[in-house]
Amino acid sequence: MLQTLAVKSWTWPIEDPVLVFAVLMMVILIAPLVAQRLRGPGIVGLIIAGILIGPNAMNILDRSETVVLLGTAGLLYIMFIAGIEIDLYRFKKYRSHSLIFGSATFLIPQVLGTLMAIVFLDFGWAAAILLASMFASHTLVPYPIMSRLGLAKCRSVTTTVGGTIITDTAALLVLAIVAASTRGELNAAFWLTLMVSLTIYTSVVWWGLPWLGRWFFNTIPSDGIAHFVFVIASVYLCAYFAEVAGVEAIIGAFLAGLALNRLVPDQSVMMARLEFAGNWFFIPVFLISVGMLVDPRALYTDLAAWKISLAMVTTVIVTKFLAAVVSSRILGYDKVESRIMFGLSVNQAAATLAAVMIGVQLGIFGDAVLNGAIMMILATCLIGPWVTQRYGRLLAQKEQEGELEDGFEQRPRILIPLRNPKGAEAILDVAFMIRPKDTDEPIFPLTVVQDADDASRQLITTERMLGNAVIHALAANIPVTPTIRLDTNPAGGIVRAARELRVSTIVMGWTGISPARSRVFGSVLDQLLERCTQQFVVCHLVTELSTAERMVIVVPPFAHREFGFKQAVYSLKMMAQRAGLTVAISAAESDIKDVHQRIASIAPDVAMVDVPVSSIDQWQNPRGDMLRKTDILVLLSARREQLSWQAALDHIPQQIAMMQPPVSMLVVYPGMGDEERSITIVESQYEELFNERRIVLQMASTSIDAIIRELISTEFGDEPQLEDELSGELIVTARTQPIEVTPGSVLLHIHSSRIDEPLAFIATLEQGIQLDKASRETRMVIVLLTPTALSASKHLQHVAFIARILQEESNTDAILTATDSKQVMNLIQPK
């Protein structure tokens with residue numbers, strides 16, 4: 001029996017839910033593309049599309065409860081994303097800037113808008129104050145533009161976002177006060193209820209939500225859904241209870257973003273999912289719903305609407321522009337930053353709608369003001385995104401030029417050798433965090449299959465692991481190029497891949513267990529450290545990175561003078577910024593000031609504190625109060641041929657890995673420069689540096705002062721003034737900054753303008769002496785004097801050459817037992 005197919009009749013506006021959704025999807029797809037072809041922001045295209053398909057134009061869709069619901073969800077999502085993307089350290093650092101801008105962008109429109117309404121529109125005081133509060137508030141409609149340009153953390157955006165909370169809160173309080181006054185409810189009970197409820201609400205969200213989130217993330221395994229749903233649910237619950245507490249939902253959504261900020265690192269899979277959900281649906285539907293409010297017919301049917309609309313549009317643009325200019329002058333911002341502040345803050349939407357609707361309900365405003373408010377929303381939502389995009393591109397170009405002037409690799413190529421499927425995602429997350437957001441370079445997950453009889457079976461397993469890595473990277477919106485190598489030796493395969501792919505950083509996992517015969521980590525990792533010169537990051541992670549609160553960076557003596565120090569610190573600080581971590585710098589008490597200044601000079605800007613220790617050896621057996629459960633320990637280590645290497649650096653990783661309760665750890669080996677890769681000293685340089693006369697064996701002196709003076713006298717005995725000057729500087733160095741090259745061997749080095757060539761001195765002692773900064777008795781003292789005219793790289797070349805000699809245990813033993821200076825000269829002669 002044939003069934004008759006019923007054809008649904010077309011009615012306008014469309015009411016079929018499936019078709020409504022389809023139309024919204026088509027608009028979200030097409031409108032931004034058309035706007036971009038016309039060289040306009042996609043946001044403007046969505047607003048205009050909303051006007052065209054809305055009830056006041058083509059009447060394709062009605063602004064139904066469903067559209068209002070989705071639009072409200074989109075508005076709250078914008079505020080949430082603004083809170084979660086903000087750099088909390090810079091937010092705190094620039095809180096005075098936010099206070100100044102927030103005050104200016106509220107007071108200037110509020111005062112001038114009130115006067116305009118009274119003088120030009122002949123409004124009463126209540127209507128004039130409420131109308132002006134609409135000018136004072138604003139909505140961050142163009143914020144997604146700055147986010148896409150990678151400028152969400154720049155100071156002008158941070159200042160504007162902070163100022164938004166101040167001015168919107170103040171404007172909404174004005175709305176509440178005017179409404180309460182009109183209803184006759186403005187009394188002591190109103191103020192008491194408002195203050196108590198806000199205090200309780202803010203305290204619960206600010207302290208309770210991060211605690212709950214950290215517990216949830218650590219307890220519930222991440223399956224790609226549970227954590228995402230937890231965050232979304234938290235946002236809308238906070239928004240609802242904000243209204244219960246007496247403020248608008250947008251304040252609650254922003255506060256939820258701030259509270260969850262540290263738990264959702266930038267460049268993470270979770271952040272990519274949140275941005276995707278907002279950009280593809282929630283935020284576009286909000287913009288379409290704003291466009292649906294506009295009624296173009298009001299402009300040619302009501303002359304009063306023209307007058308009020310022009311007055312409102314002109315006042316909001318002029319006052320917001322004045323606020324941005326005045327604040328920029330006070331804060332020392334340039335023209336581009338001032339225009340960005342204006343572009344972000346001129347847009348009217350959420351608070352404006354709230355104020356005008358309540359004003360109409362209370363009989364304070366008529367339809368003319370309602371239409372004027374809609375036209376104001378349209379005009380400002382067209383101007384704001386255009387200004388923001390134009391000057392945002394200029395700022396992005398300016399910041400990119402500044403990055404190029406920093407003089408180090410900010411677009412690294414990252415290789416991630418994978419061996420264990422269980423820890424692969426955590427290692428990839430580390431690579432995501434040290435990868436700049438604006439680079440086009442992919443990451444390179446790598447597996448090496450040993451060339452054996454069962455290679456085919458191993459290839460199937462590794463392909464599955466690489467497939468999971470690709471899915472994880474694409475979920476974070478990061479380009480990825482998976483690589484497989486077939487090699488007889490895993491380390492050899494990784495080394496060859498690093499050369500072929502021209503990588504600058506290698507990120508690799510470590511279980512925390514080292515074989516008995518290994519030097520530091522195990523055969524493969526140790527081989528890689530010996531054969532690779534790239535920056536190397538070894539990961540031992542026991543908790544989610546997003547639940548950490550502090551990054552403790554252990555910096556050994558002279559690490560801040562290594563070639564790759566700046567690149568390593570840049571990577572670590574970028575990770576700390578994205579994860580919202582405070583950086584705790586741990587260095588020797590004598591070095592901590594210089595190290596702090598050096599790290600602070602490297603971008604990006606993060607919160608930093610000092611954790612001085614008497615010696616780096618202290619980290620071989622750290623006290624209980626040195627590390628917290630929520631810390632990530634970062635050891636800035638060194639290869640044996642580098643200046644900052646010392647024996648303790650090879651022992652600390654194993655000691656930390658055995659700690660209970662366990663602590664997450666990264667061991668970072670900075671990249672090596674050309675001079676470090678091949679440290680060679682020709683015979684003529686060697687003969688200038690060393691001389692039999694400057695080698696004193698089995699010295700009987702038992703104080704460091706006497707040892708130094710006796711050594712220096714071998715070269716400057718006939719110049720007592722110079723001898724005293726050099727000896728005095730070396731004695732200070734011996735007490736404050738001795739370098740323990742190997743246990744029992746100490747290097748002292750200074751620069752002096754009184755000498756013309758580098759000179760090295762060696763003394764062995766009959767009896768060991770104890771120096772304050774040395775881990776054990778000193779049996780050998782080496783002194784290096786360098787003229788100030790000599791380049792820093794040449795000085796470090798000499799220091800590294802001496803360190804390499806002493807790091808050979810057989811050389812050290814032979815020098816200590818030598819009875820003739822010629823023997824020592826033969827031992828230290830370049831081979």
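The following exercises, each with a worked solution, concern a predicted model.

Residues are numbered from 1 along each chain as its sequence is written. Because the model is predicted, local features need pLDDT of at least 70 and side-chain atom pairs count only at pLDDT 80 or more, while totals for chains, interfaces and linings use all residues; side-chain values use heavy atoms, with hydrogens and water left out.

**Exercise 1. Overall composition**

Determine how many helices and strands the protein chain has, and what share of its residues is buried.

Solution. The protein chain contains 31 helices and 15 strands; helices (H or I, at least four residues) and strands (E, at least two) are DSSP runs, numbered from the N terminus. Of its 831 residues, 58% count as buried, where buried means under 20% relative accessible area, exposed over 50% and partly exposed in between (1.4 Å probe, protein chains only). Among contacts between residues at least 6 apart in sequence, 78% join residues at least 24 apart, a contact being heavy atoms within 4.5 Å.

**Exercise 2. The crossing of H1 and H2**

Describe the geometry of helices H1 and H2 and the residues in their contact.

Solution. The axes of H1 (residues 17-37) and H2 (residues 42-53) come within 7 Å and cross at roughly 125°. Axes are lines fitted to C-alpha atoms, for helices over the stretch in contact, and angles run from 0 to 180 degrees between N-to-C directions. H1 is therefore oblique to H2: angles under 35 degrees count as roughly parallel, over 145 as roughly antiparallel, 65 to 115 as roughly perpendicular and the rest as oblique. The crossing of H1 and H2 is right-handed, the near helix being turned clockwise from the far one by less than a right angle (anticlockwise for left-handed). H1 contributes Val27, Ile28, Ala31, Pro32 and Ala35, and H2 contributes Gly42, Gly45, Leu46, Ala49 and Ile53. By class, the residues of this contact are eight nonpolar, two polar and no charged. Here Ala, Val, Leu, Ile, Met, Phe, Trp, Tyr, Cys and Pro count as nonpolar, Asp, Glu, Lys and Arg as charged, and the others, Gly among them, as polar.

**Exercise 3. The nonpolar cores**

Identify the residues with the most contacts inside the largest nonpolar core.

Solution. The largest nonpolar core has 129 residues, and Leu131 and Leu274 have the most contacts inside it. A nonpolar core is a set of buried Ala, Val, Leu, Ile, Met, Phe, Trp, Tyr and Cys residues joined through side-chain atoms within 4.5 Å. Helix H17 (residues 367-405) supplies the largest share of this core, 14 residues. Apart from this core lies another, of 54 residues, including Val430 and Met551. Val430 is also one of the buried residues of helix H18. Eight of the 11 residues of H18 (residues 424-434) are buried, so this helix is largely enclosed by the rest of the structure.

**Exercise 4. Backbone exceptions**

Locate the cis peptide bond and state whether Asp122 is buried or exposed.

Solution. The cis peptide bond joins Ala603 and Pro604, with omega about -5°. Pro604 is placed in the loop between helix H23 (592-600) and strand S8 (608-610). Asp122 has a positive phi near 60° in a residue other than glycine. Asp122 lies in the loop between helix H5 (95-119) and helix H6 (125-136) and, at a relative accessible area of 65%, is exposed.
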